[in-house]
Amino acid sequence: MSSADAPEGGTRPAEAAGHPLDNPVRSSLIGPHARFAERRGRILRYPPGVTPWVALPDDPEDGDWADVAALAGSGGTVTIAAFREPPPDDWQVVFHAEGVQLVDETVAAAPDPEAVLLGPADVPEMLELVERTRPGPFTKRTVELGTYLGIRRSGVLVAMAGERLNPPGWTEISGVCTDESVRGQGLAGRLVLAVAHGIRERGDIPFLHAAASNTNAIRLYASLGFGLRRRTAFLSALVPRSVPTVRREDGTRTAARH
C-alpha cells in the first residue's frame with residue numbers, strides 16, 4: 001500500500017523499516033500515549049491497570065529482559081504483542097497465539113445513530129460484557145486509552161468497541177464484543193465503522209489485531225474493508241521467582257538473563 005492509497009481523512013505513513021505498526025506498543029508509548037509510559041532502561045509498559053502490554057526494543061539484549069523482569073517483579077506476568085523473540089529459557093510461557101494485523105484499506109466508516117459514548121461510569125457494565133464475551137485484555141482503566149462506543153438494548157449494554165493502541169498516525173480498534181443474545185444482528189460491524197469514523201475524523205488511520213484462529217472476526221473485518229498488513233504473534237510469560245542480578249555500566253544492579 002502506498003500513500004496514494006490512504007483513505008480520506010488521513011495520510012498513510014510510508015511502509016519502511018521502523019514503521020510504527022511493526023512495534024505498535026512501543027510506538028504508542030513513545031508517541032501519543034507517552035503520558036501512560038512506565039520505563040526502565042529501554043523497556044516501556046502501560047500501567048497494568050490500563051492494559052497489560054509491555055514493549056521491548058526491536059533488538060532486545062540480556063539487559064532488556066532483565067529490565068522487563070524488574071518492571072514486572074518476581075513471578076509477574078509479562079504480555080507482549082507483535083513480537084517473536086522467545087523469552088529467556090527460565091521464563092514460563094503461559095500463552096502464545098499467532099495473530100494478524102489488519103489496516104484500513106476501503107473501510108466505509110460512518111457514525112451509528114444507536115451508538116452511545118461510554119466512559120468511566122460505564123466501566124462496571126463494560127467489564128461484565130467483557131467477562132461474558134472474552135474479546136481480549138480489558139481492565140478497569142482501559143477506557144482511558146480512547147473513545148469507546150456501545151449499544152444498549154432495554155438498558156443493557158450488549159455490544160461495544162473502542163480504541164486502544166495509538167502509534168503516530170494510527171489508532172487501533174479493540175474491545176470489539178457482542179453479547180450472545182444479539183449476535184447475528186451486525187452490531188459489531190456497525191460499532192467498528194462508527195469507531196473508525198471518529199479515528200478518521202481526527203486524521204488517524206484505523207487498524208486492528210485479531211487472533212489468526214478467529215476466522216469469523218477476520219472475515220467480518222475483511223468485509224468492512226480491512227486488509228492484511230502482516231502476520232504477528234502475542235505471548236504472555238511469567239518472570240522467574242528468583243532472578244540473579246548483574247551490575248550495569250552505570251553501577252546499578254538489575255536482574256540477569258540465564
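Predicted model: local features only at pLDDT ≥ 70, side-chain atom pairs only at ≥ 80, totals over all residues.
1. The largest pocket holds about 940 Å³ of space, and its lining is made up of 38 residues, with Arg134, Pro135, Val176, Asn214 and Tyr221 lying nearest the centre. By class, the lining comprises 20 nonpolar, 13 polar and five charged residues.

2. Several elements supply at least two residues each to this lining, namely strand 5 (92–104), strand 9 (170–178), helix 4 (187–201), strand 10 (205–211), helix 5 (215–224) and strand 11 (226–238). Strand 9 gives the most, with seven residues.

3. The structure contains 16 salt bridges, and one of them joins the side chains of Arg229 and Asp22 at 2.8 Å from N to O. Because Arg229 belongs to strand 11 while Asp22 sits in the segment before helix 1 (24–29), this pair ties together parts that are 207 residues apart in sequence. Arg229 is buried, with a relative accessible area of 18%, whereas Asp22 is partly exposed at 27%.

4. A salt bridge also links the side chains of Glu38 and Arg45, again with 2.8 Å from N to O. Glu38 is partly exposed, its relative accessible area being 26%, while Arg45 is buried at 16%.

5. Arg134, one of the residues nearest the centre of the largest pocket, forms a salt bridge with Glu131 in which the closest N and O atoms are 2.8 Å apart. Arg134 counts as exposed at 60% relative accessibility, and Glu131 counts as partly exposed at 49%.

Notes: Residues numbered from 1 in each chain as written. Heavy atoms only, no water. 1 Å grid on protein atoms, 1.4 Å probe; cavity = no way out; pocket = protein on both sides within 12 Å on 5 of 7 lines; lining within 4 Å. Points joined across faces, edges and corners; volume = space filled by probe spheres on them. Helix = DSSP H or I, 4+ residues; strand = E, 2+ residues; numbered from the N terminus. Nonpolar A, V, L, I, M, F, W, Y, C, P; charged D, E, K, R; others polar. Salt bridge = Lys/Arg side-chain N within 4 Å of Asp/Glu carboxyl O. Buried < 20%, exposed > 50% of the residue type's maximum accessible area, 1.4 Å probe, protein only.
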